[in-house]
Amino acid sequence: MDKNWAIDAEDITIAYHDKPVIWDVDMQVPKGVMMAIIGPNGAGKSTLIKGLLGLIPLTAGDVKVFGESYKKVRKKVGYVPQRTAVDWDFPTTVLDVVLMGTYGRLGWVKRPRKEEIILAHEAIEKVGMSEFANRQISQLSGGQQQRVFLARALTQNAEIYLMDEPFQGVDATTERAIISILKELKNSGKTVIAVHHDLQTVPDYFDWVTLLNVRRIAGGPVKEVFTKENLRKAYGGRISFLEDKSE
Amino acid sequence: MIVELLIIAVLVAVACAIPGVFLVLKKMSLISDAISHSVLLGIVVGFMLTHSLSSPLLFIGAVITGLLTVFLSEVLVKSRLVKEDAAIGLVFPALFSIGVILVSRYTGNVHLDTDAVLLGELIFTPLDRLTFMGRDLGPRMIWVMSIILIINLAVLFLFFKELKLATFDEGLSASLGFSPILIQYILMIDVSITTVGAFDAVGSILVVALMIVPAATAYLLTDNLKTMVILSIIIGIVASLLGIAFSWIIDASAAGGMAVMVGIIFFFTFLFSPSRGIIVLKKRRKNQKIEFAIKMLVVHLLHHSNTKSELEECREQHLLEHINWEPRFAKQVVQKAKKDELVTDREGILILSKTGINMAQESMLR
């Protein structure tokens with residue numbers, strides 16, 4: 001398979017019993033793009049991300065990351081789960097959560113050392129959370145939680161970042177801060193893939209897009225495929241708000 | 001004898017506290033109850049095969065039934081026909097009841113009786129000696145629990161990072177290549193071994209108290225996982241020693257005394273914990289409520305100061321009618337605002353001070 005694709009997914013179907021959540025989806029993501037996965041609620045966006053990462057079994061299909069199976073290139077992939085996927089009352093600090101991003105390269109049993117701690121502090125600084133490094137995580141706001149998750153992914157020093165709704169429930173300042181970091185990643189040649197909800201910001205934030213509604217509706221450069229027609233296909237009649245603003 | 005008894009109690013308490021921390025954080029406390037019951041089946045089957053209570057086969061049998069409990073519950077949950085709590089409630093009574101039938105039917109004359117299973121016989125454990133070539137090596141239980149404690153400490157030190165990651169964020173754990181399922185089963189094997197070991201001393205019900213309560217108590221006292229583990233161990237030790245003393249004084253079951261004591265420690269922590277205790281939380285919430293009310297008060301006063309309606313709107317009486325506060329609460333708020341020098345009272349009309357005006361303006365900016 002072609003190594004030029006960051007992700008090359010073929011004929012992916014993910015089903016719970018006989019109910020398909022993702023139905024025969026093909027998706028090729030070139031290296032170095034910033035791609036949004038968009039689609040209505042229940043379109044299977046999060047499921048697709050989890051399927052790419054092998055977190056849920058594929059009913060059918062095959063995923064290659066840089067031409068290899070995911071297990072072989074794990075270290076090249078950074079994952080940012082939905083903020084609500086974890087218990088923020090867990091007894092730990094910001095620094096400790098960010099350090100978790102270094103566990104992958106440490107492997108089993110080995111503990112983080114000075115090198116990893118420095119790496120974590122750098123990532124925390126990058127997301128503007130330095131003064132909160134030793135803060136207990138239950139005291140963070142939603143935006144701060146999302147920054148912590150991003151910092152954690154940065155310590156993975158990955159080639160591809162897969163993010164599940166990184167802007168959900170965050171304030172405008174945080175959204176701008178996150179997007180500028182993501183653009184920086186893209187400029188240094190990394191690939192960023194994010195589940196996204198706000199259609200208005202797609203052309204500003206992303207240069208590549210996949211429209212999903214159980215099936216893949218369209219995918220490619222934003223300029224070519226982010227069209228009213230494709231949006232209508234993906235969202236059905238529920239798209240009027242976008243047209244109100246753009247016309 | 002007494003020293004040996006206390007050593008056994010402390011070993012059991014410490015060994016139980018360690019896996020308990022992760023069970024509590026994984027919200028899997030109930031699984032320890034399930035395992036502690038269903039291991040009976042493994043112990044009985046092991047006994048029927050070997051006719052010995054000290055054979056390692058009993059241990060292996062118990063660990064296998066412990067894991068079987070976890071596995072069968074998960075199979076039921078995955079069928080999506082049964083919820084998690086119901087699945088646990090279905091599996092362990094089934095395994096336990098088979099164990100009970102086997103005990104009552106086939107092991108009539110041995111010391112395996114249902115009372116011992118449920119409550120343990122801590123007092124008698126020092127009587128069961130381990131001998132080697134005619135020499136007394138001390139109570140068997142001290143040896144067994146020491147080995148289990150070493151295993152638990154080894155799991156804790158080797159896999160602390162993995163346990164923490166899998167407990168906090170299963171998704172990341174899996175994506176980084178640390179199988180959460182494998183880690184969960186390491187923990188479950190540990191829980192099973194500990195349960196079987198502690199079984200003789202404190203029985204299948206109280207072992208749950210020693211696993212879960214110290215961890216739940218420590219959770220109220222700290223925001224740091226390492227501290228939580230250490231606190232759980234300390235709480236376990238203190239509770240077991242005080243509990244035995246207590247049971248001596250009132251001449252009752254030692255295991256019962258330990259469980260009661262750990263419960264009492266939890267109760268007082270629940271009330272008085274400086275960070276998460278119920279009393280502190282109540283107080284904090286009340287303060288927050290009054291602080292917010294003061295903000296509302298100064299903003300309201302700012303709106304109406306120097307207007308025609310000032311006379312009407314800025315009276316204390318008005319707060320009761322329009323903002324709809326309870327008279328007692330309104331008084332508290334106004335008093336606090338006066339004490340903080342945010343407002344002054346001029347013939348029944350509340351006037352904002354300079355700090356009050358600043359506060360009102362800042363509040364509206366947000």
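This is a predicted model: local features need pLDDT of at least 70, side-chain atom pairs count only at pLDDT 80 or more; totals for chains, interfaces and linings use all residues.
Side chains of opposite charge can pair when their charged atoms come close. The contact involves 30 residues from chain A and 32 residues from chain B. Together the two chains bury about 2,800 Å² between them, and 65% of that area is on carbon and sulfur atoms.

Arg152(A) also has a partner in chain B: a salt bridge links Arg152(A) to Asp169(B), and their closest N and O atoms are 2.7 Å apart. Arg152(A) belongs to helix H5 (residues 142–155) of chain A, while Asp169(B) sits in the loop between helix H6 (140–168) and H7 of chain B, so the pair joins two chains. Arg152(A) and Asp169(B) are both buried.

## Salt bridges within one chain

Over all chains, a search of the whole structure finds 15 salt bridges. One of them is within chain A, where the side chains of Arg105(A) and Glu116(A) meet at 3.3 Å, N to O. Arg105(A) is in helix H3 (residues 103–106) of chain A and Glu116(A) is in helix H4 (residues 114–126) of chain A; the two residues are 11 residues apart, and the pair links distant parts of the chain. Arg105(A), Glu116(A) and Glu115(A) are linked in a network of salt bridges.

In chain B, a salt bridge joins Lys336(B) and Asp340(B), with the closest N and O atoms 3.1 Å apart. Lys336(B), at 33% relative accessibility, counts as partly exposed. Asp340(B) is also partly exposed, at 37% relative accessibility.

## The antiparallel sheet of chain A

Chain A has an open sheet of 3 strands in the order S2-S1-S4, with antiparallel pairing. Strand S2 (19–30) and strand S4 (60–65) stand at the edges; each has a single partner strand, so one side of each is left without a neighbour in the sheet. From one strand to the next, the twist averages 15°.

Strand S1 (residues 5–16) of chain A pairs with S2(A) in the antiparallel sense over 8 bridges. Which residue of S2(A) stands opposite Trp5(A)? The residue is Pro30(A).

## Parallel strands in chain A

Strand S6 of chain A pairs with two strands: with strand S5 (residues 77–80) in the parallel sense over 4 bridges, and with strand S7 (residues 191–195), also in the parallel sense over 4 bridges. On the S7(A) side, Ala194(A) is the bridge partner of Met163(A). From S6(A) the chain passes through helix H6 (residues 172–187) of chain A to reach S7(A), and this β-α-β crossover is right-handed.

S6(A) itself spans residues 160–163, and both of its faces are covered. Ile160(A) and Leu162(A) are buried on one side, and Tyr161(A) and Met163(A) are buried on the other.

Ser173(B) is part of helix H7 (residues 170–175) of chain B. Is Ser173(B) buried or exposed? The relative accessibility of Ser173(B) is 0%, so this residue counts as buried. Leaving out residues up to four places away in sequence, Ser173(B) touches Leu165(B), Ala166(B), Phe178(B), Pro180(B) and Ile183(B).

Gly46(B) is in helix H2 (residues 29–50) of chain B. With 4% relative accessibility, Gly46(B) counts as buried. Leu57(B) and Leu58(B) are the residues that Gly46(B) touches, again not counting residues up to four places away in sequence. Gly46(B) and Leu271(B) are 225 residues apart in sequence, and their C-alpha atoms are 45 Å apart in space.

How values were computed. Residues are numbered from 1 along each chain as its sequence is written. Chains are lettered from A and ligands numbered from 1 in the order in which they are written. Side-chain values use heavy atoms; hydrogens and water are left out. Two strands pair if DSSP finds at least two bridges between them. Axes are lines fitted to C-alpha atoms, for helices over the stretch in contact, and angles run from 0 to 180 degrees between N-to-C directions. Buried means under 20% relative accessible area, exposed over 50%, partly exposed in between (1.4 Å probe, protein chains only). A crossover is right-handed if, with the strands pointing away from the viewer, the path from the first strand over the helix to the second runs clockwise. Contact means heavy atoms within 4.5 Å. Buried area is the accessible area (1.4 Å probe) that two parts lose on being put together, summed over both. A salt bridge is a side-chain nitrogen of Lys or Arg within 4 Å of a carboxyl oxygen of Asp or Glu.
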